Amino acid sequence: VKKWRLKNLLQRRYGTFEVGREYFYREEPYSPIIWTSVITGRKPEEHGIRAWWLYGGILERIRWWPIIRHIKGKRRILWRLGLKAHVPNRGDLRCETIFDVVKPSVAVYVPGYNESTEFHERLFKVSGWNVDRYIREAWRIHEERKRATLRALEENRNWKLFMAYFDLADHVGHTYIKRNRLRVLRAYLELNSLAGRLQELVPPGTIFLIISDHGMRAVEDDVAGRHTTYAFWSLNLDTDWEPRDFTDFYPKILEWTR
Ligand SMILES: [Zn+2]
């Protein structure tokens, strides 16, 4: 973001912090765990969300047994058996979210609150295929997230908190960080221009906070990119405040929206 001088993503103040191991799954920072902490202000052991896919009832408990949890590809097996999973949302949480506390608030496909299971199913279905097909689907989903965000902004005028989530950089980053940096740049340029558009659309004086749960790096032993272990944030506000953990955002947002 800094090297490519993406001003709308950098905003006035920006920084990074190290992601704690409690947010990791298979040695990497993991989005559903992290975003649930952002929107609840609770550490992972408190909110209980550990993965993108949740199964109901007994199956959900069995899958974390040591023998079962290390089986790779079990989701595809369960899928064939007709056992459908969903991504974690409000109903799966044991605690309140920021959207239950700050009102009126708008959340557009926020993981841990109202993320679309359909998006993840669509990506899952094409994930074993060629990369072009996967990336086309990721861009299509990005356009849908964007349209939903713009529509929600237009339909709701008096919110105190508005949050949207975009995962394009993750999909494109995993696929192309090693093979084709230009395609990664293209995704970042799109996110930078989207940020600019949203910054113009929100009412004057709105505090604009951007959070990235991790970055992407190329590794030697794999064509796919791996998550970096630092998070990025930026703000359009002059302040001395700097987040050091994902749980720091919750109390700050409460303070801003008081
Ligand atoms: Zn990822």
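Which residue in E9 is the bridge partner of Arg13? I looked it up: Leu235 is the partner in E9.

**Ground rules.** I am working from a predicted model, where local features need pLDDT of at least 70, side-chain atom pairs count only at pLDDT 80 or more, and totals for chains, interfaces and linings use all residues. Residues are numbered from 1 along each chain as its sequence is written, and side-chain values use heavy atoms, with hydrogens and water left out.

**The sheet.** I followed E1 to strand E9 (residues 230–235) and found antiparallel pairing over six bridges. Two strands pair if DSSP finds at least two bridges between them. Strands (E, at least two residues) and helices (H or I, at least four) are DSSP runs, numbered from the N terminus. I then traced an open sheet of three strands, ordered E1-E9-E6, with antiparallel pairing. Its edges are E1 (13–18) and E6 (209–212), each pairing on one side only. From one strand to the next, the twist averages 15°.

**The helix pair.** I turned to helix H9 (residues 131–155) and helix H10 (residues 168–176). They pack at about 165°, with axes 9 Å apart. Axes are lines fitted to C-alpha atoms, for helices over the stretch in contact, and angles run from 0 to 180 degrees between N-to-C directions. H9 and H10 are therefore roughly antiparallel (angles over 145 degrees count as such).

I listed the contacts (heavy atoms within 4.5 Å). Val131, Tyr134 and Trp139 are among the H9 residues that meet H10, whose side includes Leu168 and His171. The contact residues divide into eight nonpolar, three polar and one charged. Ala, Val, Leu, Ile, Met, Phe, Trp, Tyr, Cys and Pro count as nonpolar, Asp, Glu, Lys and Arg as charged, and the others, Gly among them, as polar.

Notes. Angles under 35 degrees count as roughly parallel, over 145 as roughly antiparallel, 65 to 115 as roughly perpendicular and the rest as oblique.
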